[in-house]
Amino acid sequence: MKKFNYSIIALSAAFLLNSCASLYIKSGKEAYTELKYQEAIKYLDKGLAKKEDENGRRMLAESYLRVNEYSNAVTQFERANLYTGTTDIDRMNYARSLMGVGRYAEAKTILEGIVSRDAENQQAQNLLTSCKKADDLRADSLMFTVAQVNIPAENPVFSSFPYDGGLIVTSSAALKGDKDPYTSRAFTDLFFTKQEGAAWTALKPVEGVNSKSHDAVAAVAPNGQTMIFTRSFQIKNNLSGNSKEENPTQLYVSKKNTDGSWSKPEILPFCDVNNMYAHPSFSPDGTVLYFASDMPGGKGGMDIYKSTLLDGSWGNPVNLGGDVNTKGDELFPVVKDAGTLYFSSNGHSTLGGLDVLRTNLINGTWSLPQHLSYPINTSYDDFSMMFNPDGKTGYFSSDRSGSDRIYSFEMNDAQIKLEGIVTGKDSMLPLGGARITVQNLTDGTEKVYFSDGDGKFSIDLAPGKDYKVKTDLDGYFSQSEDVSTKGINQSKTLKKIVEMPEVYVSKDEKNGNGNGNGNGNGNGNGNNNSNNGQKKGVYPVPNIYWDYNTWEIRPDAQPYLDDLVKLFRNNQNLKFEIRSHCDCRGSFEYNDDLSSKRAKAVTEYLITKGVPRSIIVSRGYGERELLNECSDGTFCEESKHQENRRTEFIVTDKK
């Protein structure tokens with residue numbers, strides 16, 4: 001019987017396995033270099049299962065990231081990070097993957113390390129900001145109601161456009177035939193579907209516009225006669241000679257024929273096969289075309305541009321600028337109205353992947369974009385937001401369910417509430433029955449509310465408005481505050497505590513000489529507070545200081561006097577006396593005169609700010625009403641003298 005050398009057989013098998021693994025890894029790297037990420041995943045997965053390769057592992061991790069398989073990407077980056085050659089680019093991609101699965105705290109730690117080494121890395125800075133704001137970005141805005149649109153299709157369906165009572169959508173609906181080498185899926189086409197009852201019809205190809213390559217993301221002009229869409233540019237089934245070795249997309253235009261069909265598409269004149277042009281959208285009047293492109297001169301990645309229709313031709317593209325565009329990708333622009341643009345980005349603060357943002361055109365400039373919270377945005381790709389003509393409903397696309405699908409949304413009226421409690425300022429006890437008048441400063445309308453038995457109130461406010469909220473209660477000083485809901489575009493609750501000082505009316509027992517009567521008891525009210533001997537009904541004006549031998553109001557006193565202006569203007573049913581006091585230093589007559597001038601200076605300031613002259617008088621009390629022991633002949637620290645140099649007011653009458 002012939003004996004076999006099993007050691008040789010084992011070595012031969014190992015050699016064959018190693019050679020096979022090397023071949024898979026080599027093929028996977030080539031596919032990765034050609035941006036064929038699905039193919040790269042297939043080969044690298046097989047090869048790395050048998051043989052470890054540092055660059056191959058990183059390529060596999062990034063390939064998973066590129067096709068939005070974040071969980072697999074995290075697993076591969078964790079293994080790739082065991083190597084010592086990891087770069088900040090690898091770390092940033094790892095952080096993106098972690099964000100994609102909602103692990104923001106871990107991503108934050110990685111990004112903080114990158115930023116500490118490279119403070120100029122704007123992409124890392126933006127991602128770090130996203131992680132820090134993740135809780136706010138994930139908060140349910142309650143402004144949108146979202147539901148998946150169940151269009152019957154096995155493959156992904158995305159980027160809808162309302163048209164002819166239905167939707168033009170993008171899908172790789174063909175299950176057989178040529179495949180895109182980059183996605184390993186069938187090429188996309190444009191289809192039409194409409195809702196019939198609770199169901200949507202099967203996808204029907206849009207006749208006249210589909211080709212053997214990708215046709216996607218269409219927009220129809222407001223007049224219904226022009227369609228512009230995205231098509232990948234191919235020559236003889238091979239990708240064009242694009243220097244980026246990407247599948248270049250271009251914008252094509254088709255006109256509607258008299259029989260309702262679409263004419264043969266033609267490429268827009270400003271397109272260039274060396275760059276990408278995609279995701280068209282018309283302005284409401286059809287004279288401006290918005291789209292995404294990586295053409296030279298942008299901010300980085302894909303930027304949003306516009307082209308204006310002049311004499312029947314589309315003009316040279318204009319970049320929307322640095323507030324909208326970033327070093328990342330800005331895609332899928334959609335103009336809701338003449339002043340509002342929605343788009344998707346991975347360069348601004350997002351929850352991960354693409355998120356939908358909104359910007360407004362103000363005086364010819366696009367404002368800093370605002371992020372739409374959940375349920376529009378998630379840690380997955382959320383994009384291609386499109387509005388119906390009513391401006392409140394529409395559709396967007398997301399891969400939150402595992403593949404690109406279309407979702408409907410309805411904008412709910414923003415529910416902004418002003419909630420709070422009314423209390424006494426000194427007692428801090430709740431005050432029930434307080435009258436709360438809410439004036440809409442935009443249209444002048446008013447509504448009245450009352451605090452309940454626990455002092456609580458809840459008031460509904462409209463978004464985008466300015467309000468004045470005034471609180472009144474008999475026996476207390478009325479209070480008012482400006483409240484604005486501008487810039488608040490989602491449901492939110494504003495909290496407020498209204499502290500109301502109690503009103504004590506002090507009988508005016510003075511002889512009218514402007515300097516008090518010298519009896520030393522102030523206003524005749526002998527009830528003392530514990531505040532430095534301050535008598536009840538005497539209200540100090542804080543932080544009113546005077547330079548030596550002057551009665552000019554200093555700039556540092558004006559904010560406190562402005563608070564007094566507000567109080568007096570809110571309480572014009574009362575009459576007030578402004579009182580000024582000096583310390584004991586200086587002659588009696590000199591201090592009478594100086595304090596009188598200071599009281600008059602305060603009164604004149606209040607009058608110039610709109611306080612009616614009829615409700616306010618001034619008096620100087622010199623050194624007659626000292627609050628402490630610092631009288632003539634007594635040594636005191638300067639701080640003690642300062643207690644006596646004060647300005648205050650009393651209420652002398654009430655209508």
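Searching the whole structure turns up 4 cavities of 30 Å³ or more. The model is predicted: local features need pLDDT of at least 70, side-chain atom pairs count only at pLDDT 80 or more, and totals for chains, interfaces and linings use all residues. Residues are numbered from 1 along each chain as its sequence is written, and side-chain values use heavy atoms, with hydrogens and water left out.

On a 1 Å grid over the protein atoms alone, a cavity is a set of points where a 1.4 Å probe fits but cannot get out; a pocket is an open set with protein on both sides within 12 Å along at least five of seven lines; lining residues have an atom within 4 Å of a point. Points are joined across faces, edges and corners, and a volume is the space filled by probe spheres set on them.

The largest cavity has a volume of about 80 Å³. Its lining counts 13 residues, with Val-217, Pro-280, Val-334, Ser-384 and Met-386 nearest the centre. Strands β2, β8, β14, β19 and β24 each give at least two lining residues. Strands (E, at least two residues) and helices (H or I, at least four) are DSSP runs, numbered from the N terminus.

The second largest pocket holds about 1,000 Å³. Of its 35 lining residues, Lys-425, Gln-479, Glu-499, Pro-501 and Leu-567 lie nearest the centre. Helix α9 (558–570) is among the elements supplying at least two residues. α9 gives the most, with 6 residues.

Now the helices. The α3 (54–66) and α5 (88–100) axes come within 10 Å and cross at roughly 40 degrees. The pair is therefore oblique. Axes are lines fitted to C-alpha atoms, for helices over the stretch in contact, with angles from 0 to 180 degrees between N-to-C directions. Under 35 degrees is roughly parallel, over 145 roughly antiparallel, 65 to 115 roughly perpendicular, and the rest oblique.

For α2 (37–50) and α3, the axes come within 9 Å and cross at roughly 140 degrees. That makes α2 oblique to α3.

Residue classes are tabulated below. Ala, Val, Leu, Ile, Met, Phe, Trp, Tyr, Cys and Pro count as nonpolar; Asp, Glu, Lys and Arg as charged; the others, Gly among them, as polar.

| Lining | Nonpolar | Polar | Charged |
|---|---|---|---|
| Largest cavity | 8 nonpolar residues | 5 polar residues | no charged residues |
| Second largest pocket | 17 nonpolar residues | 9 polar residues | 9 charged residues |
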